[in-house]
Amino acid sequence: MPSGVRRFALATFVTTAVALTTTIAAYAGNGGFLPGEAHSPNAHRIHSAFIFVSIFTGIILVGVEAALVMFIVKYRRGKRPRTAEGPQIHGATKLEVIWTVVPVVFLAAIGSFVFYKLPGIADAPKAAAADQTRIRISGRQYYWQFTYPNGAVSIDHLVAPADQVVHEDITAPRYDVIHSWWVPDFGGKYDAIPGRVNKTWFKAPAGTYKAQCYGLCGLQHAAMAATVTVVPRAEYDSFISQRANGGAALGQEEWQGVCMKCHRLDHRYIGPKLQGNVLLADRRGIEVLLRNGRGQMPSVGRDWSGSQIDALIAYTKQFAGGASG
Ligand code: CUA
């Protein structure tokens, strides 16, 4: 290769490599190496395990890559003939002992640390009955449905009490597909598997957190996001008692979280446009559609309660009329 071409190739390679590595860091804001800030005791433990493991993997990465580059330079062919064979070496006891013992020590350290942290990740801290609550989280194409202990329901918006243990029963209806519940600030991802319940928990300070479906579940998987609002206990209690009977706020959440994932009022999106559709004011008609689906549309409301359907139609009837826009 002429030296000009070689220099150009090298420059291109270096620029590309630098661009790729710095982009990640620039987007992540924390160097690109760390997950988001932890906001629950189990998430803190996952975070420290991540850092502990990263130290060892970091040492190994730097060590192996440095040796690789050094060997490539030092033992390159140079002017030797293509067919020249290197010296044949058999046995290097000291070296073999080192490359056996060092990884064993690393693995033992990582293993003990993770097993030490594990119980606090899996098991919720003990708390009096009054200081804990259990919420059912159900993934559906393409929305999250939350059911509270008093039967209240919310869509794509989880409300939870602050600084208390919140048990999450994560599931999906038998007729749906696998989703994955992930609130990065609360730690790990949990699969929402049809007909099964996966249990985890969090205990978070008041604030707003983001959740995202992390299992590819179909066309609108990326739109399957939710918000977790953690509020003082009294505020949580009043939210679920207001919600117990459905109401306009639930209807609006259903419209936004369920219908709007695939429809728009004034134009065709994934499904047909909805403005002026008589079903939006037809209680029986919309129930049949929600429970059975139609064509491409899944049966999004197959297990909805009567008051969930009432709440939706109370909200959607405003759109059933003429074609304004
Ligand atoms: Cu649900 Cu991806």
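1. Start with the largest nonpolar core, which has 33 residues. A nonpolar core here is a set of buried Ala, Val, Leu, Ile, Met, Phe, Trp, Tyr and Cys residues joined through side-chain atoms within 4.5 Å. Buried means under 20% relative accessible area, exposed means over 50%, and partly exposed is in between (1.4 Å probe, protein chains only). The residues with the most contacts inside this core are Trp-144, Phe-146, Tyr-148, Trp-181 and Val-228. Among the elements giving it two or more residues are strand 1 (132–140), strand 5 (165–171) and helix 4 (233–243). Strand 10 gives the largest share, four residues. Helices (H or I, at least four residues) and strands (E, at least two) are DSSP runs, numbered from the N terminus.

2. A word on what you're looking at: this is a predicted model, where local features need pLDDT of at least 70, side-chain atom pairs count only at pLDDT 80 or more, and totals for chains, interfaces and linings use all residues. Residues are numbered from 1 along each chain as its sequence is written, and side-chain values use heavy atoms, with hydrogens and water left out.

3. Have a look at Tyr-148. Setting aside neighbours within four places in sequence, Tyr-148 is in contact (heavy atoms within 4.5 Å) with residues including Ile-135, His-157, Tyr-236 and Phe-239.

4. Is Thr-229 buried or exposed? Thr-229 sits in strand 10 and counts as buried because its relative accessibility is 19%. Not counting residues up to four places away in sequence, Thr-229 touches His-157, Leu-158, Val-159, Ala-160, Gly-207 and Thr-208.

5. After helix 6 comes Gly-293, with a positive phi near 70 degrees.

6. Last, the loop between helix 1 (3–28) and helix 2 (41–74): Leu-34 is found there. Leu-34 is partly exposed, because its relative accessible area is 38%.
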